[in-house]
Amino acid sequence: MRYIGCKKLLLKDIEKVIEDNIESAESFCDIFSGTVSVANYFKSKYKIISNDMLSFSYCIQKGIIENSEIPSFEILNKNTGIKNPIEYFNSVDNKECEKLSKEKRFCQNNYSPMGNRMYFTDSNALRIDFIRNKIDEWYHKAFINDSEYYYLITVLLEAIPFVSNIAGTYGAFNKRWDKRALNNIELNDILIFDNHQNNTSYNEDSNDLITQISGDILYIDPPYNNRQYSLNYHVLETIALYDNPKLKGITGRREQKQKKSLYCNKLKAAKTFEELINNAKFKHIIMSYSSEGLMTTSEIERILKKYGDAESYKMYEIPYRRFKSQSKDSANQLKELLFYVRKDV
Ligand SMILES: C[S@@+](CC[C@H](N)C(=O)[O-])C[C@H]1O[C@@H](n2cnc3c(N)ncnc32)[C@H](O)[C@@H]1O
């Protein structure tokens with residue numbers, strides 16, 4: 001999934017930090033999970049705790065991290081004759097979707113030209129509504145269990161970015177149709193790794209959760225600028241929640257107050273980070289950050305050395321050019337940083 005700050009291209013570097021500094025560990029906590037790229041990568045090695053304050057990330061965590069296989073959908077099959085819901089959704093014809101009553105078409109009514117917005121074409125928006133309503137209907141009838149529910153929501157959320165008419169985030173939609181948005185939405189199964197562990201996912205503020213958990217490796221990947229994720233991914237958040245919210249403005253953001261991260265606030269980021277590190281009951285702390293983030297490198301170093309073993313502190317610099325494609329000039333200055341510190345707990 002395209003996501004600001006996704007660490008898909010940094011996985012090997014994180015692994016190298018672990019190899020350099022950690023002899024043995026059983027558990028790994030990804031406390032700012034986002035797309036779960038990091039949690040899922042390390043699922044093959046450790047028992048995972050994942051977390052994010054956004055609901056759509058929580059759904060993906062439940063679907064990919066807590067599940068240990070693609071669910072069987074046995075009860076759904078017994079009750080409806082549908083063996084494979086993904087195939088069913090991909091093959092259902094438009095006439096069937098058109099049977100959905102107007103009140104149940106949140107995406108079409110709000111995110112398509114019918115609702116004067118262009119996040120999705122009318123037909124993709126209606127298809128998303130059809131799928132989202134069916135998942136809820138099956139869940140309420142107990143045709144699918146929790147694992148199956150989150151798996152299907154995850155499959156839908158993973159498919160949506162491929163037909164979204166946006167330039168990167170849902171902060172705004174394009175005024176002309178991007179080619180990708182004109183494709184029909186297509187759902188695909190997701191590879192689920194079985195690590196034979198009881199992995200757990202949370203949907204909490206990191207600083208609340210940290211007081212309730214403990215383990216070996218804590219991986220910290222907070223936002224590093226003032227762009228709130230809840231505003232940039234509001235469409236995915238609403239499709240995950242499907243709670244019929246009131247929307248406002250041209251971009252159709254949710255009207256109710258959004259979850260705001262203190263890590264996006266220049267004045268509060270360092271204090272919030274300090275609280276997190278102070279309360280962390282993990283033996284090893286690894287953090288990703290940008291060299292141009294709201295907290296300075298020296299602030300991060302001071303905090304990690306204050307609560308961790310100062311001698312173990314290390315900082316790794318990864319050229320941004322390798323991590324992301326950027327123009328040469330900005331790439332020379334910008335670096336992705338990885339920090340390590342050991343903590344006596
Ligand atoms: C840089 S992104 C993480 C990206 C993730 N590592 C990935 O590869 O997709 C930061 C994430 O932190 C979440 N977040 C921000 N503040 C938070 C907080 N106080 N508690 C929990 N999650 C938070 C955001 O919703 C966002 O998904």
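Helices (H or I, at least four residues) and strands (E, at least two) are DSSP runs, numbered from the N terminus. With that naming in hand, let's start the tour at Ala159, which sits in helix H9. Before you click, note that this is a predicted model, where local features need pLDDT of at least 70, side-chain atom pairs count only at pLDDT 80 or more, and totals for chains, interfaces and linings use all residues. Residues are numbered from 1 along each chain as its sequence is written.

**Stop 1**

Select Ala159. A residue is buried if 20 or more other C-beta atoms lie within 10 Å of its own, exposed if 12 or fewer, and partly exposed in between, with C-beta atoms placed from the backbone. Ala159 is buried because 22 other C-beta atoms lie within 10 Å. Not counting residues up to four places away in sequence, Ala159 touches Ile185, Glu186, Leu187 and Asn188. For a sense of scale, draw a line from Ala159 to Met53: their C-alpha atoms are separated by 21 Å, and the two are 106 residues apart along the chain.

**Stop 2**

Move to Ile144, in the loop between helix H8 (122–140) and H9. Is Ile144 buried or exposed? It counts as buried because it has 25 C-beta neighbours inside 10 Å. Show Phe73, Leu76, Trp138, Tyr139 and Tyr149 as well; these are the contacts of Ile144, leaving aside its neighbours within four places in sequence. Asp344 is 200 residues from Ile144 in sequence, and 44 Å lie between their C-alpha atoms.

**Stop 1: helix H12**

Next, select residues 234–241, which form helix H12. Why is H12 described as largely enclosed by the rest of the structure? Because seven of its eight residues are buried. Those buried residues are His234, Val235, Leu236, Glu237, Thr238, Ile239 and Ala240. Around them, colour helix H3 (55–66), helix H7 (106–111), H8, H9, helix H11 (229–232) and strand E6 (253–254), against which the buried residues of H12 pack.

Step on to Tyr242, in the loop between H12 and strand E5 (247–248). Its phi is positive, about 45°, although Tyr242 is not a glycine. Most residues other than glycine have a negative phi. Tyr242 counts as partly exposed because it has 17 C-beta neighbours inside 10 Å. His196 also has a positive phi, near 55°. You will find His196 in the loop between H9 and strand E3 (200–202), and it counts as exposed because it has 7 C-beta neighbours inside 10 Å.

**Stop 2: the strands**

Two strands pair if DSSP finds at least two bridges between them. Select E1 (residues 27–30): Ser27 and Cys29 on one side are buried, and so are Phe28 and Asp30 on the other. Strand E2 (residues 47–51) runs parallel to E1, and four bridges join them. To see one of these pairings, show Ser27 with its bridge partner Lys47.

Then go to E9 (residues 335–342), where six of eight residues are buried. Strand E7 (residues 282–290) is antiparallel to E9, with seven bridges between them; His284 stands opposite Arg342. Strand E8 (residues 309–319) also pairs with E9 in the antiparallel sense, over seven bridges, and Lys314 has Tyr340 as its partner there.

**Stop 3: the nonpolar core**

A nonpolar core is a set of buried Ala, Val, Leu, Ile, Met, Phe, Trp, Tyr and Cys residues joined through C-beta atoms within 7 Å. How many residues does the largest one have? It has 87, and those with the most contacts inside it are Leu157, Leu218, Tyr219, Leu236, Ile285 and Ile286. Helix H9 (residues 146–159) gives the largest share of this core, eight residues. Zoom in on Ile285, whose contacts beyond four places in sequence include Leu218, Leu304 and Val341.

Key
Two residues are in contact if their C-beta atoms, placed from the backbone, lie within 7 Å.
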